[in-house]
Amino acid sequence: MALSLDTRVVSITSVADIRPAADALRDITSEMGGYRCVISDNIASKQPMVDAEGNVLAAAVFGFTQPHELWWQDTRLALHSPIARACRYEGEPFWVNAEGFHTRSPNRYLDAIDLSNFEKRALTRAVIAIPVHLPFGQIGMAAYGVRGKTDLSAEYEAHADALMLLTHRFISGYVKVMRTRQWLPADCQLTKREIECLRWAAVGKTDKEISLILSRSHATVRFHIQNAGEKLNAVNRSQTIFKAAQLGYLGLAN
């Protein structure tokens with residue numbers, strides 16, 4: 001499917017849009033490759049995605065109605081499933097089966113993930129997984145499987161990009177309309193010095209060690225970290241680091 005795919009049909013701008021957008025996502029992906037879709041807006045949350053009436057989308061829209069299919073009721077799934085775990089380390093679509101993770105570029109973190117008892121732990125034989133990394137450190141995902149298939153290499157090559165566009169548009173819209181609490185201050189701007197100090201603090205350096213690394217006084221380092229905390233409405237050093245990381249200031253991946 002071409003990348004000119006119209007994603008407006010899966011866009012969500014109000015709670016009322018959730019159900020028709022979910023219906024559209026189900027229909028498009030089913031027609032595209034006979035896919036069944038497991039989707040979550042937040043792999044760290046126990047709450048399933050729902051429509052305006054509170055109906056669980058997995059059952060009401062995506063057809064998971066049998067007792068053994070109620071995957072969202074397994075509160076351990078996000079911790080035990082190798083698919084959800086992989087979404088914490090990968091930002092691009094991948095497909096996975098018991099033989100391994102298959103990506104367009106190498107990812108050593110995925111290579112280290114245990115795939116033993118894959119079908120039991122992942123509740124599937126093979127899927128194309130779409131990680132969705134959202135603001136504030138939230139991670140959503142969708143997993144697209146085809147009944148009876150364990151090799152999705154052809155489907156991945158043909159549809160991964162289109163599935164990524166559809167999934168990202170659907171989940172990001174859902175999160176925006178369903179988010180009710182403001183966890184972080186709006187338009188928080190940290191200075192270069194504040195970010196430098198927080199980056200070193202995030203890897204475990206003390207104020208004294210940071211002062212030596214940056215050739216600044218101990219008091220100056222403490223001032224920058226405290227000032228960043230005030231901007232972030234943080235109650236202590238740990239929360240300052242956490243909130244700065246959520247906003248993408250620390251960039252510890254490199």
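Angles under 35 degrees count as roughly parallel, over 145 as roughly antiparallel, 65 to 115 as roughly perpendicular and the rest as oblique. Keep that scale at hand for this tour.

What you have open is a predicted model, where local features need pLDDT of at least 70 and side-chain atom pairs count only at pLDDT 80 or more, while totals for chains, interfaces and linings use all residues. Residues are numbered from 1 along each chain as its sequence is written, and side-chain values use heavy atoms, with hydrogens and water left out.

**Stop 1: a pair of helices**

Two packed helices are described by the angle between their axes and the distance between the axes. Select α1 (residues 18–33) and α7 (153–178). Helices here are DSSP runs of H or I with at least four residues, strands are E runs of at least two, and both are numbered from the N terminus. An axis is a line fitted to C-alpha atoms, for helices over the stretch in contact, and angles run from 0 to 180 degrees between N-to-C directions.

How do α1 and α7 lie relative to each other, roughly parallel or roughly antiparallel? Their axes come within 11 Å and cross at roughly 170°, so the two helices are roughly antiparallel. Now show the side chains where they touch (contact means heavy atoms within 4.5 Å). On α1, pick I18, A21, A22, L25, I28, T29, M32 and G33; on α7, pick H159, A162, L163, L166, F170, Y174, V177 and M178. Colour this contact by class and you get 13 nonpolar, 3 polar and no charged residues. For that colouring, Ala, Val, Leu, Ile, Met, Phe, Trp, Tyr, Cys and Pro count as nonpolar, Asp, Glu, Lys and Arg as charged, and the others, Gly among them, as polar.

**Stop 2: the sheet**

Keep α7 on screen: this helix lies across β1, β2, β3, β4 and β5, running at about 35° to β4. Select those strands and you have an open sheet in the order β1-β5-β4-β2-β3, with antiparallel pairing. Two strands pair if DSSP finds at least two bridges between them.

Which strands stand at the edges? They are β1 and β3 (100–102), each with a single partner strand, so one side of each is left without a neighbour in the sheet. Look along the sheet to see its twist, which averages 25° from one strand to the next. Then zoom in on β2 (residues 94–97), joined to antiparallel β4 by 4 bridges.

**Stop 3: open pockets**

Rolling a probe the size of a water molecule over the atoms shows where empty space is left. The search uses a 1 Å grid over the protein atoms alone: a cavity is a set of points where a 1.4 Å probe fits but cannot get out, a pocket is an open set with protein on both sides within 12 Å along at least five of seven lines, and lining residues have an atom within 4 Å of a point. Grid points are joined across faces, edges and corners, and a volume is the space filled by probe spheres set on the points.

The largest pocket has a volume of about 990 Å³. To find it, select V38, W71, L77, A122 and L123, which lie nearest its centre among 41 lining residues. The largest share of this lining, 5 residues, comes from β1. By class, the lining holds 22 nonpolar, 10 polar and 9 charged residues.

L123 has a positive phi of about 60° although it is not a glycine.

Next comes the second largest pocket, with a volume of about 540 Å³. Of its 21 lining residues, N42, Q138, V175, R179 and W183 are closest to the centre. Helix α11 gives the largest share of this lining, 4 residues.

**Stop 4**

How many cavities of 30 Å³ or more does the structure hold? There is 1, and the largest cavity has a volume of about 40 Å³. Select I39, P48, M49, V56, L57, A58, F62 and W71 to see its lining, which is made of 8 nonpolar, no polar and no charged residues.

**Stop 5: a crossing pair**

Finish with α9 (residues 207–214) and α10 (residues 218–231), whose axes come within 8 Å and cross at roughly 110°. These two helices are therefore roughly perpendicular. Here D207, K208, I210 and S211 in α9 meet H218, V221, R222 and I225 in α10.
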